[in-house]
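Okay, thanks for coming, everyone. Have a look at it first.

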Amino acid sequence: MKTAIIAAIALCALPVAALAAPARHIPAGGGTPGGPQPAFSAAVESDGTLYISGTTDGRDPDTGKLPVDAATGAKVVMNNIKKVVEDAGYTMDDVVWLQIFTSDLKYYADFNAVYRTYFKGPLPARAFIGAGSLLGGAHFEVMGIAKKGAAAR
Amino acid sequence: MIAANKSKGTFTMKIFALAAIALCALPAVTLAAPAKHNPSTGTRVSGTSPAYSASVDMDGTLYVSGVSDNTDPATGKTSANAAIGAKVVMDNVKHAVETAGYSMDDLVWVQIFATDLNSYADFNAAYRTYFKGPLPARAFIGAGSLLGGAHYEVMAIARKGAAAK
């Protein structure tokens with residue numbers, strides 16, 4: 001029993017001193033066959049925190065092109081985020097922190113209307129920032145952080 | 001009688017063990033230890049008393065301040081071009097990460113702000129060389145302008161031990 005207590009106490013000390021487990025890297029798709037893979041993972045998970053790469057609305061899966069307007073773009077980029085989050089075993093309501101970069105701040109209202117529909121509970125902390133320009137002429141680039149179990153129950 | 005005493009002793013021990021296990025759960029709800037702030041030595045633009053730490057370490061998570069290529073150590077000026085800039089800015093990230101006792105492969109999240117998105121491919125070529133394992137989550141964003149005429153500003157988060165073993 002004494003051994004058990006000592007073991008329990010030793011276990012208590014572990015989380016502080018021990019290294020985190022190696023992170024889980026979720027690969028990004030989109031590399032050209034035979035060409036270089038993207039220079040990033042789609043997301044990286046470390047100890048119940050999911051770090052989500054920026055994704056854009058540069059390519060609407062329905063058309064293979066840039067979305068025709070910001071409302072469509074908002075849906076495309078948020079679908080991308082949702083896919084990464086859910087593929088990693090998290091839910092949208094586990095997202096705690098998001099950054100939205102936009103090529104034009106006038107898309108704010110259109111973006112928000114679409115954005116809200118992706119969450120059931122209270123909304124994540126967020127920033128909406130005017131970027132000088134975005135890759136592929138995108139309207140939006142969104143990146144964020146989710147915490148496992150953060151969704152309200 | 002002896003058996004009863006032993007049984008009582010075992011019961012007391014069990015309580016102790018339960019208490020010890022309960023204590024284990026505590027760190028999750030109590031306050032974390034104060035963060036460790038790694039001072040910045042500053043740059044040509046920020047001066048030697050910058051309004052930020054180079055990084056802040058909190059419970060095995062390292063928050064790395066934005067660094068840029070506005071002070072090329074070879075010239076003391078902004079990098080001559082984006083290709084050199086990519087190396088200068090990533091050397092700065094590496095310095096901040098390693099000074100704090102982390103490795104580049106501990107990085108889990110990186111944000112790159114660039115004044116010219118045309119430098120994307122060049123940046124990536126340099127960027128990849130700083131990692132051995134799978135790459136961090138990342139965004140590459142066009143910034144309107146950067147301090148000191150920099151080509152890039154990069155900020156990041158690392159997790160102690162995140163590097164694949």
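Let's start where two helices of chain B touch. On the α2(B) side you've got B:Ala82, B:Ala83, B:Ala86, B:Lys87 and B:Met90, and they meet B:Asp122, B:Phe123, B:Ala126 and B:Tyr127 of α3(B). Sort that contact by class and you get seven nonpolar residues, two charged ones and no polar ones. Before I go on, keep in mind that this is a predicted model.

So how do we describe a pair like this? As for handedness, the crossing of α2(B) past α3(B) is right-handed.

Now stay with α2(B). After the helix comes B:Gly101, which has a positive phi, near 90°.

Which residues of α2(B) are buried? Going along the helix, they are B:Ala82, B:Gly85, B:Ala86, B:Val88, B:Val89, B:Met90, B:Asn92, B:Val93, B:Ala96 and B:Val97.

Let's zoom out to the chains. Chain B has three helices and six strands, and from the N terminus they run α-β-β-β-α-β-α-β-β. Chain A also has three helices and six strands, in the order α-β-β-β-α-β-α-β-β. Buried residues are 38% of the 165 in chain B and 36% of the 153 in chain A. If you take contacts with a separation of 6 or more, 74% of those in chain A are between residues 24 or more positions apart, and the figure for chain B is 74%.

Last stop, the core. Nonpolar side chains tend to be buried together in soluble globular proteins. The largest nonpolar core here has 73 residues, and the ones with the most contacts inside it are A:Tyr51, A:Ile52, B:Val108, B:Ile112 and B:Ala158. Take A:Tyr51: leaving out residues up to four places away in sequence, it touches A:Ala43, A:Val44 and A:Ile145, along with B:Val108, B:Trp109, B:Ala137 and B:Ile157.

That's my tour, thanks.

Technical notes: Residues are numbered from 1 along each chain as its sequence is written. Chains are lettered from A and ligands numbered from 1 in the order in which they are written. This is a predicted model: local features need pLDDT of at least 70, side-chain atom pairs count only at pLDDT 80 or more; totals for chains, interfaces and linings use all residues. A residue is buried if 20 or more other C-beta atoms lie within 10 Å of its own, exposed if 12 or fewer, and partly exposed in between; C-beta atoms are placed from the backbone. Helices (H or I, at least four residues) and strands (E, at least two) are DSSP runs, numbered from the N terminus. Two residues are in contact if their C-beta atoms, placed from the backbone, lie within 7 Å. A nonpolar core is a set of buried Ala, Val, Leu, Ile, Met, Phe, Trp, Tyr and Cys residues joined through C-beta atoms within 7 Å. A crossing is left-handed if the near helix is turned anticlockwise from the far one by less than a right angle, and right-handed if clockwise. Ala, Val, Leu, Ile, Met, Phe, Trp, Tyr, Cys and Pro count as nonpolar, Asp, Glu, Lys and Arg as charged, and the others, Gly among them, as polar.
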